[in-house]
Structures are given as structure tokens and as C-alpha cells.
Protein chains: 2
Amino acid sequence: MSAPRIARIDQSKLRENVYFALRDAFTRGEFAPGDTVSLRDLAEQLGTSMTPVREAVRRLVAEGALIDTPSRTLQVPAFDARRMQDLKQARLALEALVLDLAMDRMTPEIIAAMEAVLTTHSDPGITGPDLQQNYDFHFTLYRASESEVLLPLVEALWLQYGAYLNLIIKHEEALRMPEHKHHQEIIAALKAGDRAAAHAALANDIERSFRVLVPTA
Amino acid sequence: MSAPRIARIDQSKLRENVYFALRDAFTRGEFAPGDTVSLRDLAEQLGTSMTPVREAVRRLVAEGALIDTPSRTLQVPAFDARRMQDLKQARLALEALVLDLAMDRMTPEIIAAMEAVLTTHSDPGITGPDLQQNYDFHFTLYRASESEVLLPLVEALWLQYGAYLNLIIKHEEALRMPEHKHHQEIIAALKAGDRAAAHAALANDIERSFRVLVPTA
DNA sequence: GTCCGGATATCTGTGATATTTGATCTTAGG
DNA sequence: CCTAAGATCAAATATCACAGATATCCGGAC
């Protein structure tokens with residue numbers, strides 16, 4: 001292990017690329033709940049054959065972002081208040097857990113990275129909340145947990161949540177929410193090493209992100 | 001690397017059947033951590049072509065039961081104490097959540113079903129703990145939560161845990177553990193509607209199941 | 001004799017494509 | 001208007017072609 005470290009070749013796999021392409025589409029709110037998607041259409045759109053698309057889609061189904069219907073068509077899960085409630089509770093429970101692990105391993109560098117995320121706006125032309133920034137902020141934090149078990153679960157939850165992001169644009173008042181308030185609180189709590197405050201701020205942020213989606217809940 | 005025994009499957013829904021066949025194999029502890037598996041071998045053992053196996057395996061990878069190696073071979077995750085710890089914490093958090101939801105919807109019928117599970121031994125010839133019975137007991141309870149979000153997550157955790165079940169047989173003393181103690185406590189708490197007691201019993205049961213695996217932890 | 005290097009044989013998954021199966025829609029017959 | 005047979009389309013499965021990885025083995029240098 002004394003040899004100079006050389007980065008591994010980027011094993012470019014079509015399946016992975018398709019998966020992340022679809023994943024991105026979800027987090028951008030490109031899919032509407034209830035939409036049906038066709039493997040052929042996706043394959044043609046992405047310029048590949050059906051095989052990589054099918055495997056990527058299998059993964060998305062396993063993660064709950066898509067569901068198989070009895071008629072063998074694929075569908076984006078329809079909106080469901082009960083499901084939304086489950087999603088929120090799962091996020092509250094798991095992300096609290098991940099936060100604890102992350103705080104065990106917290107460093108000034110990570111906090112700095114989180115602050116950097118907040119100051120760099122991804123795209124000046126966006127209309128709604130900066131979804132990419134929000135994602136980056138949370139996962140910069142969560143990655144600090146270094147948990148190979150929890151992180152994929154949390155990502156799966158965000159992906160399922162992503163299927164509803166399409167509905168955000170509808171609520172004008174949501175756009176003017178103080179988006180960074182809880183994020184700043186989280187950073188302050190991290191700096192102070194105050195676990196209770198960090199948990200409270202994170203919980204509030206999660207609650208907020210669901211209020212954006214369902215203002216009445 | 002000895003070929004795990006996997007039951008043949010009938011036609012129709014090949015992909016699903018392959019998935020569940022492999023899943024069963026995991027919960028029976030047929031795979032040893034570190035094992036590599038081959039799509040062609042599995043396809044031949046199951047009497048299908050590679051395609052359904054590939055899709056089933058993709059799902060298992062997404063759920064963390066198998067991992068892709070850089071050399072593109074599939075591998076059962078090797079034992080890892082850190083990972084085990086994460087798994088336990090995730091199970092404690094999520095199953096507590098599911099327990100709460102289940103208790104909101106608890107009925108005498110469900111409790112009776114859980115008791116029935118405990119009195120019917122699946123296979124008289126088994127040597128170790130009755131894994132199938134344990135699974136059935138917990139998921140009879142968890143299904144009562146009716147959560148389409150949380151249940152798959154918990155199943156994924158059990159599946160990852162399952163990759164280590166192979167190691168149980170090694171610990172002779174574990175076999176004589178009072179297996180049903182916590183299960184009976186859970187049932188008693190459910191009957192009494194005592195949430196705190198139910199949570200405590202479930203937590204103890206989860207801790208126990210990891211102690212069976214890693215006696216020193 | 002032992003150790004190292006390279007060639008090759010034989011695995012592996014990946015991606016593409018052809019074939020089969022099943023479901024839905026249309027439409028002809030009642 | 002309703003029913004049922006057939007046309008149509010997409011997904012599920014099987015098969016094929018290929019490139020990368022591992023293992024084996026053989027030859028030569030020390």
C-alpha cells in the first residue's frame with residue numbers, strides 16, 4: 001500500500017447513468033404523480049436500448065419512486081396523504097439518527113462546506129425554492145455520518161418525496177418562505193455542538209418542507 | 001462458495017419469484033458474507049434465463065443485500081461491525097415507528113395471529129433458532145401498521161441483516177437463548193395497550209437478535 | 001528449486017435484439 | 001347497445017455478442 005494513489009477508472013455504466021438521469025428528473029419535479037412511464041419512451045429519449053433502462057427502473061421501483069401496476073405499466077405514485085405522513089415520520093426518525101452519527105464525526109471543514117452550499121446558488125433563473133441547494137445542504141451533512149446503511153435509506157425517502165415535488169409550484173405563498181432559516185439554525189447548533197438544538201432545527205426544517213407541499217397539513 | 005440450495009420456482013412473474021426465492025435464501029442464511037454469486041449460476045439453479053435473475057439481483061443490490069464490486073462481480077457484503085451497528089440502530093428507530101403505527105390499528109385478531117405464529121413451528125427438523133417464525137411474528141405485527149413507506153424499509157433492513165444469519169449457527173450457546181421471552185412480552189404489552197412496555201420489549205428483542213449474531217457486542 | 005511475467009482459457013456482467021406473453025382497444029356480430 | 005373476437009402495443013423473457021476480469025499454467029531468470 002505504499003504505491004502512489006491513483007484514482008480508479010470511472011466505470012461508466014449505462015445503467016448507472018440512466019438511473020441518475022431519472023433520479024435527477026425526479027428531484028427536479030419532472031414527473032407528476034400518477035404519470036405513467038414507458039420503458040421504450042425512456043430508452044429512446046436517453047438514446048440507449050431498453051436493457052439499461054429496465055435495470056435502472058427496477059432500482060427505482062425497489063426504492064419506491066415508481067410502482068408496478070397490475071397491467072405491467074410503470075407509474076409514478078399518486079398523491080396520498082397517508083403515504084405523505086409516513087414519509088414525513090420516516091424522514092424525521094431516520095434523519096435524526098443520521099444527524100446524531102454526523103455530529104459524532106463533525107469537523108469545521110464539514111460545517112464550512114455546508115455554509116458554502118448555502119452561499120452558492122445553483123441556477124439564478126429558477127422560480128421556486130432551490131431544490132438542488134436544499135438537497136446538497138442536507139446531504140453534505142448526512143454524508144458526514146459515513147453510514148452505508150442509513151444514507152441509502154434516507155436517499156430513498158428523498159426520492160419518494162421527490163415524486164411530489166412537481167406539486168410545489170402550485171403554492172405561490174410557499175415560494176416566499178424563509179428557506180434558510182432552519183438551515184442557519186442547524187449550522188449554529190453544529191458549531192455549538194448543541195444536539196438538542198440541532199435536532200429541533202432539523203425537525204422543523206423537515207416539517208417545513210412538507211408544509212410547502214401540503215399547506216393544510 | 002458452495003452452491004446454496006434454492007427452491008425451484010413456478011412460471012408467471014418470473015422476476016418476482018426469483019426475487020423471493022433469493023430473499024428466502026437470505027433469510028434462511030444460505031449465503032455467507034463475502035460469497036460471490038453469479039447470474040448464470042443462479043439462473044441455472046432456478047431454471048430460468050439470466051434476464052429475470054438480473055432484475056431480481058438489481059433489486060437486491062438496491063436493497064443492500066448484495067453489492068457490486070469494482071470488478072463487476074456480485075458479492076454478499078462481508079461482515080462489518082460498523083455496518084452491524086448502523087443496522088441495529090436503524091432497526092431500533094424504524095421498528096419503533098412501525099410499532100407505534102401498528103398499535104394505532106391493533107385488533108384482537110392481529111394479536112391472535114401473532115400468538116398463532118408462536119405456537120406453530122414451521123419445521124420440526126431445524127437446528128438453530130426458528131428464523132422463519134421470528135420473521136413471521138415480527139411482520140405479522142408490522143403489517144398492521146399498513147405503511148407502504150415504512151414496511152419496505154424495514155424489510156430491506158431485515159434482508160441486510162439476513163446476509164449475516166449464516167453466522168448464527170457458529171454460536172452454540174445462542175441456540176439455547178429464551179427465544180420467545182420478548183415475544184411474549186410484546187404480546188402482553190399489546191393486550192394491555194401499554195406503549196412503553198411494547199417499545200421496551202421490542203427494543204430488547206432487537207438487541208437480543210444482534211447479540212445472537214455478535215455475542216461480544 | 002523458486003519466483004516472477006506473460007499468454008491464454010474461461011469465467012464474469014453488460015448491452016442489444018429477437019421472441020413470447022399478456023393486456024387493452026377496436027370493431028364486427030349479435 | 002352489448003358482447004366477443006381479433007388487432008395492436010408494451011412488457012417480460014430468452015438468447016446472442018462482446019469486453020473486461022480472474023485463474024491457470026508455462027517458460028525463463030535468478
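Chain A and chain B bury about 2,700 Å² between them, with 57% of that area on carbon and sulfur atoms. Buried area here is the accessible area (1.4 Å probe) that two parts lose on being put together, summed over both. On the side of chain A, the residues that lose the most area to chain B are Arg58(A), Arg82(A) and Val149(A), together 20% of what that side buries. The contact (heavy atoms within 4.5 Å) draws 31 residues from chain A and 29 residues from chain B.

Before going further, please keep in mind that this is a predicted model, in which local features need pLDDT of at least 70, side-chain atom pairs count only at pLDDT 80 or more, and totals for chains, interfaces and linings use all residues. Residues are numbered from 1 along each chain as its sequence is written, chains are lettered from A and ligands numbered from 1 in the order in which they are written, and side-chain values use heavy atoms, leaving out hydrogens and water.

## Where the two chains meet

Eight salt bridges are counted between chain A and chain B; a salt bridge is a side-chain nitrogen of Lys or Arg within 4 Å of a carboxyl oxygen of Asp or Glu. One of them pairs Arg58(A) with Glu55(B), whose closest N and O atoms are 3.5 Å apart.

On the side of chain A that touches chain B, helix H3 (50-62), helix H4 (81-104) and helix H7 (150-162) each supply at least two residues. H4(A) gives the most, with 10 residues. Helices are DSSP runs (H or I, at least four residues), numbered from the N terminus.

Ser145(B) sits in the loop between helix H6 (131-143) and helix H7 (150-162) of chain B. Is Ser145(B) buried or exposed? Ser145(B) is buried, with a relative accessible area of 0%, where buried means under 20% (1.4 Å probe, protein chains only). Not counting residues up to four places away in sequence, Ser145(B) touches Arg82(A) from the other chain, and also Val98(B), Leu101(B), Ala102(B), Arg105(B) and Leu151(B).

## Around the DNA

DNA strand C is surrounded by 17 residues, the closest being Leu14(A), Arg15(A), Thr51(A), Arg40(B) and Arg72(B). A residue is near a strand if one of its heavy atoms lies within 4 Å of it. H3(B) supplies the largest share of this surface, three residues.

Around DNA strand D there are 14 residues, of which Arg40(A), Leu14(B), Ser49(B), Thr51(B) and Ser71(B) come nearest. Sugar or phosphate makes up 73% of the atoms of DNA strand D within 4 Å of the protein, and bases the rest.

Some of the individual distances are listed here.

| Protein atom | DNA atom | Distance |
|---|---|---|
| Arg15(A), polar side-chain atom | phosphate oxygen, DNA strand C | 2.3 Å |
| Ser49(A), side-chain N or O atom | phosphate oxygen, DNA strand C | 2.8 Å |
| Leu39(B), backbone N or O atom | phosphate oxygen, DNA strand C | 3.1 Å |
| Leu39(A), backbone N or O atom | phosphate oxygen, DNA strand D | 3.1 Å |
| Arg40(A), polar side-chain atom | base nitrogen, DNA strand D | 3.1 Å |
| Ser49(B), polar side-chain atom | phosphate oxygen, DNA strand D | 2.8 Å |

Note on methods: A polar contact is a pair of N or O atoms within 3.5 Å; within protein, one must be able to donate a hydrogen and the other to accept it, and residues adjacent in sequence count only if both atoms are side-chain atoms. Buried means under 20% relative accessible area, exposed over 50%, partly exposed in between (1.4 Å probe, protein chains only).
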